[in-house]
Amino acid sequence: MSSSNKDTRNIDWAVRLFRPVLVDLHIPDLKDEIRIYTANYRELQRYHMDRCLIIVKRFHFSKESYKGVFIWRYDSVYDMFILYIIVADNLFTNTTDEKSVYRKAITTHEFTHCIASIITSERLSDKNLIKRQLDKLKKRFHAIEQNDIQNLMTDISISMINPNASRLLTFPDDHFRTGDEDFPGKYSELYRNMLLSYNLFKDFFTDSVKKQFKDLYEKGDIKQASRIISSVIKKISKEKCLDLNFVLTRFKTDFVPKLLKEIKSI
């Protein structure tokens, strides 16, 4: 990777690169397993991140408390990295709204591990580097367990209130970081954006909704304008299986300044 492109490696860059992959995995509709090759994505080819096979699989863990696991393997025959996201089968059965929110939080967490691995794969051109990286990973195995779920949700809240928090309850930045990737951004911030980015928010808060909100606000009808915001937030929470408080806090903390600037320009 040339140094001229290094400065572009921010959160927006990562979301633009990897959200299409996450969308194509269709994890909520997962019946058994799905496989996706990073070589099928032109942008990932451009960054030499095209030697990965992502496998997402439902699995009945013998340890009932396990809910999600990420595993990174290397196939020396095909010179390919195999990235497994393994999700507890019971997160897909008899699904309640709460279970859907947990599943989204867990699978996006594991996909964030996947992103770190794909970015790292770009630099692992030498067999010795590959062996060193895999040896490091053997010491860092972690499965999300039932008692991690609430801490995971709390971590999201903490990172919303204080994006620069150096230590989170359960999964700090170095939990995701491999140490060999060319990515200076915070993985906690990337995780939030993979759950809900501003561009994804705008898919719901469309230009027509924005104009309607502005008209009501300028007329002084604050109550109806607020109802529009509330309706959008609830719709995002429902359709994207996101905790309502997370969507609301994300809106207030990160989206309002951008939104007000856009509304003024209408």
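This is a predicted model: local features need pLDDT of at least 70, side-chain atom pairs count only at pLDDT 80 or more; totals for chains, interfaces and linings use all residues.

**Strands, a bent helix and a cavity**

Let us begin with a pair of residues: Arg35 stands opposite Ile55, which belongs to strand E2.

Strand E1, residues 33-37, and strand E2 run antiparallel and are joined by five bridges. Strand E2 also pairs with strand E4, residues 80-88; here the strands run parallel, and eight bridges join them. Within that pairing, Ile54 has Leu83 of E4 as its bridge partner.

How enclosed is strand E2 by the rest of the structure? Strand E2 covers residues 52-59, and six of its eight residues are buried, so the strand is largely enclosed by the rest of the structure.

I turn now to the loop that comes between helix H1, residues 11-25, and strand E1, where His26 is found. His26 is not a glycine, yet its phi is positive, at about 45°. Is this residue buried, partly exposed or exposed? His26 has a relative accessibility of 45%; buried means under 20% and exposed means over 50%, so His26 counts as partly exposed.

Cys241 is placed in the loop between helix H10, residues 222-239, and helix H11.

At the start of H11, the backbone nitrogen of Asn245 has a side-chain oxygen of Asp243 within 3.2 Å. Where does this helix bend? Helix H11, residues 244-264, bends by about 65° at Phe255, and a proline, Pro257, follows within four residues. Phe255 is also one of the buried residues of H11, together with Phe246, Val247, Arg250, Phe251, Leu259 and Ile263.

The model has three cavities of 30 Å³ or more. The second largest cavity holds about 70 Å³ of space. Which residues line the second largest cavity? Among them are Phe59, His60, Phe61, Lys63 and Glu64, as well as Tyr66 and Lys67. Ala88, Asp89 and Asn90 also contribute to this lining. By class, the lining comprises four nonpolar, two polar and four charged residues.

The lining also leads back to the strands with which I began: Phe59 lines this cavity, and strand E2 spans residues 52-59. Likewise, Ala88 lines the cavity, and strand E4 spans residues 80-88.

Thank you for your attention.

Key: Residues are numbered from 1 along each chain as its sequence is written. Side-chain values use heavy atoms; hydrogens and water are left out. On a 1 Å grid over the protein atoms alone, a cavity is a set of points where a 1.4 Å probe fits but cannot get out, and a pocket is an open set with protein on both sides within 12 Å along at least five of seven lines; lining residues have an atom within 4 Å of a point. Grid points are joined across faces, edges and corners, and a volume is the space filled by probe spheres set on the points. Ala, Val, Leu, Ile, Met, Phe, Trp, Tyr, Cys and Pro count as nonpolar, Asp, Glu, Lys and Arg as charged, and the others, Gly among them, as polar. The bend at a residue is the angle between axes fitted to the seven residues ending there and the seven starting there. Helices (H or I, at least four residues) and strands (E, at least two) are DSSP runs, numbered from the N terminus. Buried means under 20% relative accessible area, exposed over 50%, partly exposed in between (1.4 Å probe, protein chains only). A polar contact is a pair of N or O atoms within 3.5 Å; within protein, one must be able to donate a hydrogen and the other to accept it, and residues adjacent in sequence count only if both atoms are side-chain atoms. Two strands pair if DSSP finds at least two bridges between them.
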